[in-house]
Amino acid sequence: DLTVGFCLYLVDKGIAKSQVANDIAELVTSYEMFNRGEFGGMPYGDFANHLMAIYETITAGMREQELDDLAERFVREGMDTRIRIHPYARPVYNSENFGADPVFLTSTPRPIAESLRALFRVRDVICSEHSVRDGVVEGMALSLIVPGSKGNALKQFRARTPQYDWEGNSRAFGDTLNDLSMRDYVSEFFFMNPDREAREHAEREEIPVWEETYGKSFSVFVE
């Protein structure tokens with residue numbers, strides 16, 4: 001959601017070509033068709049790969065500081081106005097419902113993720129990373145949309161943070177099958193507003209499903 005919204009934000013600012021908006025609209029429509037069970041729809045994995053390719057094309061060659069500043073404004077404007085910059089961009093996060101320290105784990109690239117981390121004073125963030133040379137963005141060095149990537153990232157983070165009670169008091173959630181790889185590294189995993197693939201998997205495997213009522217929230221909580 002956030003990567004979609006940020007790409008469209010760059011179109012609005014004249015940094016990305018207007019054709020990007022059409023490309024993203026087609027992607028979103030195809031993904032929504034898939035979730036409705038309609039022929040020709042695109043599962044999340046394909047949707048995410050195409051979206052990240054669009055994002056890479058837009059940001060390659062930009063100065064890292066410029067990209068960071070734009071992401072910070074995107075997040076700040078979305079929160080300050082309390083409206084969604086785009087129907088598919090939902091920069092609304094909440095940790096109070098969980099009573100724990102959130103670790104923001106997201107496939108969203110670092111400029112957006114870091115802006116949200118700072119805004120909500122979150123201690124740690126795990127996200128997709130850019131490849132940068134001499135202050136200029138070249139592409140993506142690490143993408144957390146690859147199957148299993150979120151679990152691997154969480155595994156590495158867990159090894160660096162033994163102070164947390166990972167075995168007894170940690171929770172993670174997601175909305176697609178790409179998030180399922182986190183299940184092995186926390187004491188509790190659940191889906192929140194899952195897409196069709198994830199919902200069907202949750203029913204087969206008896207994984208808890210929460211329905212979202214208060215906006216997006218952080219992906220990992222540990223105490």
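Colleague: What follows α3?

Modeller: Gly61 does, and its phi is positive, near 95°. Helices here are DSSP runs of H or I with at least four residues, strands are E runs of at least two, and both are numbered from the N terminus. This is a predicted model: local features need pLDDT of at least 70, side-chain atom pairs need 80 or more, and totals for chains, interfaces and linings use all residues. Residues count from 1 along each chain as its sequence is written, and side-chain values use heavy atoms, without hydrogens or water.

Colleague: Which residues of α3 are buried?

Modeller: Tyr44, Phe47, Ala48, Leu51, Met52, Ile54, Tyr55, Ile58 and Thr59. Buried means under 20% relative accessible area, exposed over 50%, partly exposed in between (1.4 Å probe, protein chains only).

Colleague: Where do they sit around the axis?

Modeller: Within an arc of 160°, so they line one face of α3. The arc takes directions from the helix axis to the C-beta atoms.

Colleague: Now Thr59. Buried or exposed?

Modeller: Buried, because its relative accessibility is 0%. The Thr59 side chain reaches the backbone oxygen of Tyr55 at 2.9 Å. A polar contact pairs N or O atoms within 3.5 Å; within protein, one must be able to donate a hydrogen and the other to accept it, and sequence-adjacent residues count only if both atoms are side-chain atoms.

Colleague: What else is Thr59 in contact with?

Modeller: Leu67 and Val137, leaving aside neighbours within four places in sequence. Contact means heavy atoms within 4.5 Å.
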